[in-house]
Amino acid sequence: MKEFDTIAAISTALGNSGISIIRVSGDKALKLVDKIFVGKDKKGIMDMKTYTMRYGTIVGLSDRKAIDEVIVSYMKGPKSFTAEDVVEINCHGGIYPTKAVLEEVLKAGARIAEPGEFSKRAFLNGRIDLTQAEAVMDIINSKTELSMKSAVEQSKGRISREIMRLRDKLLEMIAHIEATVDYPEDDLEEATSDKVCNDIESMLKEIKGLLETADEGKILREGLNTVIIGKPNVGKSSLLNTLLSENRAIVTDIPGTTRDIIEEYINISGIPIKIIDTAGIRETEDVVEKMGVMRSKEKINEADLIIFMIDSSHELENEDIEIINEIKNKKAILLLNKCDLNSKIDEEQLKKLELDNIIKFSTKTGMGLDKLKESIKELFFKGEINPNEFIITNSRHKEALIKAKNSCVSAENALRNTSAIDLASIDLRDAWMSLGEITGETLKEDLIDKIFENFCLGK
C-alpha cells in the first residue's frame, strides 16, 4: 500500500548552504540507504544503533562512483518523528549535490514524499494529533517570536488536552441522558434535564471563551492585515519606510508616485503585521494610476486595520471626509502627518467626524510612532499580549468550535423547551464530533489529506 512505502524528500531549503538534509522514512529506510552508502571503514549502515551517526560517502547505485561526503543519522521507530524507521542524510548544501543524493535514494527504491507526508505519517501512526501537526507548519511559518511561542505551545499538545477535556465532559452529559432514557421507570428525566442544562451552560461558557481568543490568534498566526490609505503625497510610503526602518518604497514630491500595492511584514511588540502601502486615492485620468486607486479601495474592504493619513499642513478636503465616512465602522487610526509643520487642520471639524483614534504624527521626526504602535496593541490585544495565554490560532479550529457551540445551544433548547431529552443527546453527540475534528479523531480522510497538502515538501 502507498501508505507503507518508504518515502524520501529534501527537508531543508534548496540553495547554497553549509549542509542539506535528505530525510528517508519507512521500514526499508536503513536498507535502501545502505545500498548507496560506503563508510570510511568500507562498512555499510545495517549494524547502526538508533540515535547514532556515521560518516561516509554516498555512491552511485549502478557505477559506485562517489557523489558526496555525508553523515548519516538513524532513528529507529517508533521513537522517531514519523514513528517509523527514519534515516537522515546530511550532505553538502547546494542544489546539485542535494538533488544528486536524493536521486540515488530514489533509485535505491524509495518514493518521493508528497507535501506534508512525513507529518501525515506521524499523525496516522499516533505520534501526534492533527493540532500538533498543524503547529509544525505554524512554527515554520511564524513571523515573530510571539507567534512562534504560540505555535510551540500548540505543538506540545496544549490545545489537544483542552479539547479532550471538553469532549470528556460532553460524554458525561450524553451518558446521563442515555441512562435516563434506558431506565424510564426511575423517573429521573426532570433531574437529569436540570443537571445537563447546567453542565451545557458551563460548556458554552468555556467554548465562547475559546472563541473570543480566535481573532487575536488568527492575527498571531497570519499577521494583522493593515492598509495605509490616503490621498497622494500625504506620506504613506514614508510611513512604510519608517515602520520598516529601510527605504522600501520610492518617495518623491510628485503625487501618484506609488501606483501599485506594496506589501511587507513588520513586528510590533510581537504582533506580525502585514503592512500594505497603497496608491493615493484621488480622481485621475492616468490609466495605470486609476488601476492602483481601484486596488487601494479593494484593500480597504479586506483590511483588519486601516491607517488613514492626512497631510495636516493642508486643510481637510471633501476627499478626506469621504474616506473618513467610508471607514467609520471599521477599526481605523487617523494619522495627522507633517505635524512638524504648521497645522491647518480644524480640530473642531475633526471632533464632529467622531473618530476615536487620532494621532499627531511626523514621518520626518518619528513623532507619534510609539503611540501608533500602542494604539494597534490596544485595538486588537487590549494593550497586552501574554504568550502563555491559551489562544485559538487556526481558522479550522474556530469553525469546529462554532459548530460545537451551536450544537450545545440546540441541546439546551431541547432540554428546556421539550420533554424529549433524547433529542438533546443527538445534539451533544454532534458537538462531541465537532470538537473531535480539531484533533483529527472524527475528521474525514479527504479533509485530512487536504490539510497536509498545504504543508511544505519534506515536512
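**Figure 1. Salt bridge between Glu178 and Arg429.** Glu178 is partly exposed in this predicted model, with a relative accessibility of 29%. Its partner is Arg429, and the N to O distance between the two side chains is 3.1 Å. Arg429 has a relative accessible area of 41% and is partly exposed.

**Figure 2. Salt bridge between Arg165 and Glu206.** The closest N and O atoms of Arg165 and Glu206 are 2.2 Å apart, and the pair forms a salt bridge. Arg165 belongs to helix H6 (residues 158-182) and Glu206 to helix H7 (residues 189-212), so the contact ties together parts that are 41 residues apart in sequence. Arg165 is partly exposed, at a relative accessible area of 32%. Glu206 is partly exposed as well, with a value of 22%.

Figure 3. Glu117 and Arg121 form a salt bridge with an N to O distance of 3.6 Å. Both residues are in helix H3 (residues 117-124), four residues apart, which means that about one helical turn separates them. An α-helix has 3.6 residues a turn, so residues three or four places apart point the same way. In the whole model, the count of salt bridges comes to 24.

**Figure 4. The largest nonpolar core.** This core has 31 residues, and those with the most contacts inside it are Leu170, Ile200, Leu401, Cys408, Leu428 and Leu435. Which elements give two or more residues to the core? They are H6, H7, helix H14 (395-417) and H15. H7 gives the most, with eight residues. Another core, of 29 residues, lies apart from this one and includes Leu220, Val234, Ile268 and Phe361. In soluble globular proteins, nonpolar side chains tend to be buried together.

**Figure 5. Surroundings of Leu401.** Leu401 is among the residues with the most contacts inside the largest nonpolar core. With its neighbours within four places in sequence left aside, Leu401 is in contact with Ile163, Ile207, Leu210, Leu211, Ile392, Leu435 and Ile438. One of these, Leu435, is also listed among the residues with the most contacts inside that core.

Figure 6. Cys408 is buried, with a relative accessibility of 0%. Cys197 is buried as well, at 3%. The structure holds zero disulfides.

**Figure 7. Helix H11 and its two faces.** Helix H11 spans residues 318-327, and its buried residues are Asp320, Ile323, Ile324 and Ile327. Seen down the axis of H11, these residues fall within an arc of 100°, so they line one face of the helix. The face turned away from the buried side of H11 carries Asn318 and Glu322, which are exposed.

**Figure 8. Helix H16 and what covers it.** In helix H16 (residues 445-453), the buried residues are Ile448, Ile451 and Phe452. Around the axis they cover an arc of only 90°, which puts them on the same side of H16. The cover over the buried residues of H16 includes H3, helix H4 (130-141) and H14. Asp446, Lys450 and Glu453 are exposed on the other side of H16.

**Figure 9. The whole chain, as context for the close-ups.** The secondary structure of the protein chain comes to 16 helices and 13 strands. Of its 459 residues, 49% are buried. The accessible surface of the chain is about 23,400 Å², and carbon and sulfur atoms account for 49% of that area. Among contacts between residues at least 6 apart in sequence, 67% join residues at least 24 apart.

Terms used:
Residues are numbered from 1 along each chain as its sequence is written. This is a predicted model: local features need pLDDT of at least 70, side-chain atom pairs count only at pLDDT 80 or more; totals for chains, interfaces and linings use all residues. Side-chain values use heavy atoms; hydrogens and water are left out. Buried means under 20% relative accessible area, exposed over 50%, partly exposed in between (1.4 Å probe, protein chains only). The arc is that of the directions from the helix axis to the C-beta atoms. A salt bridge is a side-chain nitrogen of Lys or Arg within 4 Å of a carboxyl oxygen of Asp or Glu. A disulfide is a pair of cysteine sulfur atoms within 2.5 Å. Contact means heavy atoms within 4.5 Å. Accessible areas come from the Shrake-Rupley method with a 1.4 Å probe; for residues, only the protein chains shown count as cover. A nonpolar core is a set of buried Ala, Val, Leu, Ile, Met, Phe, Trp, Tyr and Cys residues joined through side-chain atoms within 4.5 Å.
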